[in-house]
Amino acid sequence: MGTKNTLVYTDEKGIVVSEPSVVAVNMRTDEILAVGEEARKMVGKTPAHIQAIKPLVDGVISDFEVTEKMIKYFIDKVHAESFTLAPRPRVIIGIPMDITEVEKKAVEDAAKSAGARQVFLIEESMAAAIGARLPVTEATATMVVDIGGGTTEISVISLGGVVTWKSLRLAGNALDNDIIEYVREEFNILIGEQVAEKVKIKIGSAAPLKEPMEMQVKGRDLINGLPKAVTVNDSQIREAMSRTLGQIIENIKTTLETTPPELVADIYEHGIYLTGGGAMLRGLDKEIAQATKIPVRVADDPLTCVVRGTGILLTDPELLEKVLSPANE
Ligand SMILES: Nc1ncnc2c1ncn2[C@@H]1O[C@H](COP(=O)(O)OP(=O)(O)OP(=O)(O)O)[C@@H](O)[C@H]1O
Ligand SMILES: [Mg+2]
């Protein structure tokens, strides 16, 4: 369950749901109109009585009732497509490091009232490392940087636990906002969140590109209120995002500084692994490698590392036992 995307994995079929964490609610009747991709399309386009709610903010539940409904919708959807699945399944859910006991309880309660028989909570960076097939239970350290929509989690894992970590409320959404701000300041044009995200994915980069790229963006001219299009290039977008990216990189360095030296030596040997959607930003691996002098690898299919990690844990109770979040004890 991420700020941006929610994925579901079943031991029978693998990844069965991968949709934006958005729920459209009719505020007059409290009725759910759409969940996931269908609801995402409504963001910013709904009439007053319909709200497209993103129930997770910075990786944690901000709207309990809507989160519960979203989980229930996805569990029901999975059931509707499978006859063999237990009606009240065991569920493993990834949670961020920087989460309070109350927030943990909220995740567990939301899953239980959505129909889960038993709920296990696992740290998302641990799940991401397992999904990336890293040796999490061995006496050797690995560093995982998961850059999602709301949060960037930097974790050093060794012997089945997270040794040092840092969680920042700076990730993909912040980069989108940087682009919105830049276009407003430079061109006096207001663009929407979804447009900004498209620009980031299409031409965004953390390091200069071999081939320059540009694209047209459409928004509202803040001077006369009319629609207007403007062309932006990769170097402008890089400049727009540079402060946020600099802060993320700076925090990776400080996390390394607070990591015991033996573990840093291991990390130097294995490299830093990037997961989460933000890992796919062009040149980010290179920039981090240059700043830390440590090799950096983008995990295979970074958007699904966390859910594939929880999937591996579903079928490996021994490993689950070793890496469970302290919340379960
Ligand atoms: N090719 C890409 N380049 C840059 N960013 C990308 C790319 N593809 C996806 N993203 C970004 O990745 C983010 C979503 O990643 P992910 O699904 O891992 O987040 P999440 O798990 O929902 O959020 P969080 O972990 O913060 O709760 C979005 O901000 C999205 O714009
Ligand atoms: Mg995430």
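Which residues line the second largest pocket? Keep that question in mind as you read; point 4 comes back to it.

1. A word before we start: this is a predicted model. Please read every distance, area and volume below as a value computed from that model.

2. Let us begin with ligand 1. There are 19 residues around ligand 1, and Thr3, Lys4, Asn5, Glu197 and Lys200 come nearest. Sorted by type, this shell holds four nonpolar, 12 polar and three charged residues. Helix H6, which covers residues 193-203, supplies the largest share of the shell, namely three residues.

3. Now look at some polar atoms beside ligand 1. A backbone N or O atom of threonine 3 sits 2.6 Å from an oxygen atom of the ligand. At threonine 151, a polar backbone atom is 2.8 Å from an oxygen atom of ligand 1. With glutamate 197 the side chain takes part: one of its N or O atoms is 2.6 Å from an oxygen atom of ligand 1. How much of the ligand does the protein bury? Taken alone, ligand 1 exposes 660 Å², and the protein buries 90% of that.

4. Back to the opening question. The second largest pocket is lined by Asp178, Glu181, Tyr182, Glu185, Glu186, Glu239, Ala240, Arg243 and Thr244. Two elements each give two or more residues to this lining: helix H5 (172-187) and helix H7 (234-257). Of the elements, H5 gives the most, with five residues. By type, the lining divides into six charged, two nonpolar and one polar residue. The volume of this pocket is about 190 Å³.

5. Side chains of opposite charge can pair when their charged atoms come close. The count for this structure comes to 12 salt bridges. One of them joins glutamate 19 and lysine 77, with the closest N and O atoms 2.8 Å apart. Glutamate 19 belongs to strand E2 (residues 14-20) and lysine 77 to helix H2 (residues 64-80), so this pair ties together parts that are 58 residues apart in sequence.

6. Finally, turn to the space inside the protein. How many cavities of 30 Å³ or more does the structure hold? The structure holds one. About 40 Å³ of space lies in the largest cavity. Its lining is made of Met1, Leu56, Gly59, Val60, Ile61, Gly94, Ile95, Pro96, Ile99 and Val107. Strand E7 (60-61) and strand E8 (90-95) are the elements that give two or more residues to this lining. What kinds of residue are these? Eight of the lining residues are nonpolar, two are polar and none is charged.

Conventions: Residues are numbered from 1 along each chain as its sequence is written. Chains are lettered from A and ligands numbered from 1 in the order in which they are written. This is a predicted model: local features need pLDDT of at least 70, side-chain atom pairs count only at pLDDT 80 or more; totals for chains, interfaces and linings use all residues. Side-chain values use heavy atoms; hydrogens and water are left out. A residue is near a molecule or strand if one of its heavy atoms lies within 4 Å of it. A polar contact is a pair of N or O atoms within 3.5 Å; within protein, one must be able to donate a hydrogen and the other to accept it, and residues adjacent in sequence count only if both atoms are side-chain atoms. Accessible areas come from the Shrake-Rupley method with a 1.4 Å probe; for residues, only the protein chains shown count as cover. Helices (H or I, at least four residues) and strands (E, at least two) are DSSP runs, numbered from the N terminus. Ala, Val, Leu, Ile, Met, Phe, Trp, Tyr, Cys and Pro count as nonpolar, Asp, Glu, Lys and Arg as charged, and the others, Gly among them, as polar. On a 1 Å grid over the protein atoms alone, a cavity is a set of points where a 1.4 Å probe fits but cannot get out, and a pocket is an open set with protein on both sides within 12 Å along at least five of seven lines; lining residues have an atom within 4 Å of a point. Grid points are joined across faces, edges and corners, and a volume is the space filled by probe spheres set on the points. A salt bridge is a side-chain nitrogen of Lys or Arg within 4 Å of a carboxyl oxygen of Asp or Glu.
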